[in-house]
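Here's a quick tour for anyone meeting this structure for the first time. Have a look at it, then work through the points below.

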Amino acid sequence: MSPRITLATGLRVLQQIRHDPRTIALLLLVPALLLTLMKYVFESEPRVFQQIGAPLCGLFPFIVMFLVTSITMLRERTTGTLERLMTLPMSKLDLLLGYALAFGLLAAAQALVICLVGFGLLGLNAPHGVLIIVGLAVLNALLGMSLGLLVSAFANTEFQAVQFMPAFIFPQLLLCGLFVARDQMAPLLEAVSWVMPFTWAYDALARAVSPQPLSGRVAVDAAVVLAVTIGSLIFGAMTLRRRTA
Amino acid sequence: MTATPAISIRDLRVSRGGNLVLPDISVEIEKGSVTGLLGPSGCGKTTLMRSIVGVQIVAGGTVEVLGRPAGSSDLRNRVGYVTQAPSVYGDLSVGENLDYFARVVGVSPERVAETIETVGLSGFTGRLVSSLSGGQRARVSLASALLNKPDLLVLDEPTVGLDPLLRAELWKTFHELAESGTTLLVSSHVMDEAGACDHLILIRDGRLLRHTTPEALRRETGENDLGRAFLKVIESDEEAA
């Protein structure tokens, strides 16, 4: 592993994105616009907007980075650049951490914009400050990135990779407690929700936007998210093969 | 020859997708030469090259490169591989692509300008690779493999889609590299490039037909045209079988 190569890779990924201003605009603006739409959909029920909209500010980066990473990595595989990198003096971790660096920065920018709009303009409440939400958003984005990296190994085409989004993300979104409290779900579903990383990501955010005093549970949630991120990065590294059939 | 060969392949067996692409091939390539790897498309040229670079899962046999097992981590700075399809980032400029690969292999930024000149792309540094022609893209891919002056260069059909003038220039570059001590293995399915090689490896259906030189091939077959000479070798090979 070498910091030089990790940094170079992060810079390269950012340069690729810089050449694609439309993607940058979509990344930064779409979540904020969706949140605005939500505000007016729930105009008569501001409590629901706070309950769903506030945690969503920190969950959007997860969903977006999952998609962006799985497609970027798939492209790296199909265009042969991954194979070239694997013949160079570069460790797999250099590549993965380079991605983490670039997408982490991008996620931070995305989280800042959506939090500014949500908590600044749309009247959402952040009783414990916006910073903790931005921090959790970046953490969640890295989780999305590492899971996206992992599933990209199981997709041969972009069509497949895009399908992984509903297949992988939607069930987690439904079960995480955002729409229905988990203790009101069927026991089986509640049990399943415990092993889904999204549940922990949501739990941390729900606590960060609730008026009740912050407990150590937020740190536990964040630790679980971090552990799953590292775990799937390691699994992801194992799917990067120097030798292929 | 007393020096250790650049590449030494013994009883190599490779299957891809259930097909035995290379049933059993043994061949040695000496250092500091340009060897042409020739044969009809689908004959196993790419598979052989992938095995040499160490990205191919092999079923049996040994491949040694510069005295080390193919794919060893200490070979990664000494072996350059250019795939048939250009493996560079289409959404980066020529300069950004090479800057990135230069950082990865740890060479100075000056080398970037040098290699861009070597492949004849000066003036295109700021251009996005996706906006280049196929031949230009292939040269960006070639340039990224030249950056760290590897001891062995494995080039899979590097001149496909290039105009004759540029092809001649690249072959001149290949010979200059060989004179400075680099070993080159260059595949092609165009026989008119065979004459520019020091050595020829002819393969068909994954089997080694000949390891020879252009002159020896001409002498053996009595054909001056190397394309026809290759056909004659195939014919005599079929008669023998």
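Two strands count as paired if DSSP finds at least two bridges between them. Helices (H or I, at least four residues) and strands (E, at least two) are DSSP runs, numbered from the N terminus. This is a predicted model, where local features need pLDDT of at least 70, side-chain atom pairs count only at pLDDT 80 or more, and totals for chains, interfaces and linings use all residues. Residues are numbered from 1 along each chain as its sequence is written, while chains are lettered from A and ligands numbered from 1 in the order in which they are written.

**Chain B overall**

- Chain B comes with 7 helices and 10 strands.
- Of the contacts in chain B with a separation of 6 or more, 67% link residues 24 or more positions apart; a contact means C-beta atoms, placed from the backbone, within 7 Å.

**Domains of chain B**

- The assignment gives domain 1 (1–78 + 154–241) and domain 2 (86–149), with bounds from an automatic or database domain assignment.
- Their centres, taken over C-alpha atoms, are 25 Å apart.
- Where they touch, domain 1 of chain B puts in 8 residues and domain 2 of chain B puts in 8 residues.

**Strands in chain B**

- What order do the strands of the open antiparallel sheet follow? The 4 strands go S2-S1-S4-S5.
- Strand S2 (19–29) and strand S5 (68–69) of chain B sit at the edges with a single partner strand each, so one side of each has no neighbour in the sheet.
- Strand S1 (residues 7–16) of chain B pairs with S2(B) over 7 antiparallel bridges, and Arg16(B) stands opposite Asn19(B) in S2(B).
- Strand S3 (residues 34–38) of chain B has 5 of its 5 residues buried, so it is largely enclosed by the rest of the structure.
- Val34(B), Gly36(B) and Leu38(B) point one way from S3(B), with Thr35(B) and Leu37(B) pointing the other way.
- S3(B) runs parallel to strand S8 (residues 183–188) of chain B, joined by 5 bridges, and Leu37(B) stands opposite Ser187(B) in S8(B).
- S3(B) also pairs in the parallel sense with strand S9 (residues 199–204) of chain B over 4 bridges, where Leu38(B) has Leu202(B) as its bridge partner.

**Where chains A and B meet**

- The contact takes 22 residues from chain A and 23 residues from chain B.
- On the chain A side, helix H1 (3–18) and helix H4 (81–87) each supply at least two residues, and H1(A) gives the most, with 6 residues.

**The largest nonpolar core**

- This core has 137 residues, and Phe103(A), Ala201(A), Ile52(B) and Val154(B) touch the most other members; a nonpolar core is a set of buried Ala, Val, Leu, Ile, Met, Phe, Trp, Tyr and Cys residues joined through C-beta atoms within 7 Å.
- Helix H6 (residues 131–152) of chain A gives the most to this core, with 14 residues.

How values were computed: A residue is buried if 20 or more other C-beta atoms lie within 10 Å of its own, exposed if 12 or fewer, and partly exposed in between; C-beta atoms are placed from the backbone. Two residues are in contact if their C-beta atoms, placed from the backbone, lie within 7 Å.
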